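Have the sequence and the model open as you read.

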Amino acid sequence: MTKKKSVLRDWAESIIVAFLLAMVIRTFVVQAFKIPTGSMRPTLLEGDLILVNKFIYGAKIPFTDFRLPAVADLKRGDVIVFIYPEDPKKDFIKRLIGLPGEVVELKNGSIYINGQPLLDPLFNQRYYYNRGDFALENRKTVVSKDDYFVLGDNSASSKDSRYWGFVPKNNILGKALVIYWPPQRIRIIK
């Protein structure tokens with residue numbers, strides 16, 4: 001004769017499995033974030049809720065320095081979420097500008113990479129201010145190996161690589177995919 005499980009045990013098992021599944025998805029696949037400031041305006045507004053793809057660049061394995069294999073390479077223009085280099089308890093979101101080994105310069109409100117202006121509308125329709133130690137007028141900043149240079153889309157109100165330097169590759173958590181709340185702002189992040 002088969003012994004029937006109690007209803008309470010069925011519920012408990014279902015809740016535990018759902019919790020474990022949610023933790024695996026949050027750790028390795030996708031995570032929700034809320035935008036706290038206007039540093040990425042007009043792309044992201046304060047209060048926007050976004051989903052971040054964590055496996056695309058190779059999700060970090062918790063409590064280790066290891067990462068899963070990446071599905072895609074980081075590329076200029078990606079909006080990325082990363083662990084803030086000056087306070088590991090905070091996550092930041094910015095646009096990837098400079099790749100390892102490149103020379104970044106802000107001149108006359110424009111971004112120059114290896115001496116050439118970025119002509120893509122994603123970059124050349126904004127004014128980038130020369131603020132912070134890493135973006136002074138006439139300063140050419142060489143991005144270190146395994147590091148990245150990031151800027152907020154709202155250059156007038158963004159604490160970014162101009163102030164604190166580079167984002168180590170190991171600090172990168174994922175790529176911002178979509179705004180899912182509020183409903184009138186639902187869209188893919190570009």
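Is Asp 146 buried, partly exposed or exposed? Asp 146 is partly exposed, at a relative accessible area of 43%. On this scale buried is under 20% relative accessible area, exposed is over 50%, and partly exposed lies in between (1.4 Å probe, protein chains only).

## Ground rules

This is a predicted model, where local features need pLDDT of at least 70, side-chain atom pairs count only at pLDDT 80 or more, and totals for chains, interfaces and linings use all residues. Residues are numbered from 1 along each chain as its sequence is written, and side-chain values use heavy atoms, with hydrogens and water left out.

## Positive phi angles

Asp 146 isn't a glycine, yet its phi is positive, near 65°. Look for it in the loop between strand S8 (141-142) and strand S9 (147-151). Strands here are DSSP runs (E, at least two residues), numbered from the N terminus.

Asn 114, also not a glycine, has a positive phi of about 50°. It sits in the loop between strand S6 (110-113) and strand S7 (116-117), and is partly exposed at 46%.

## Cis prolines

Arg 41 and Pro 42 are joined by a cis peptide bond, with omega about 0°. Pro 42 lies in the loop between strand S1 (30-34) and S2.

From Trp 181 to Pro 182 the peptide bond is cis too, with omega near 5°. Pro 182 belongs to the loop between strand S11 (172-181) and strand S12 (187-188).

## A lysine and its contacts

Lys 75 is in the loop between strand S2 (49-53) and strand S3 (79-83), partly exposed at 47%. Leaving aside residues up to four places away in sequence, Lys 75 touches Leu 96 and Lys 175; contact means heavy atoms within 4.5 Å. Lys 75 and Leu 96 are 21 residues apart along the chain, with 7.1 Å between their C-alpha atoms.

Conventions: Helices (H or I, at least four residues) and strands (E, at least two) are DSSP runs, numbered from the N terminus.
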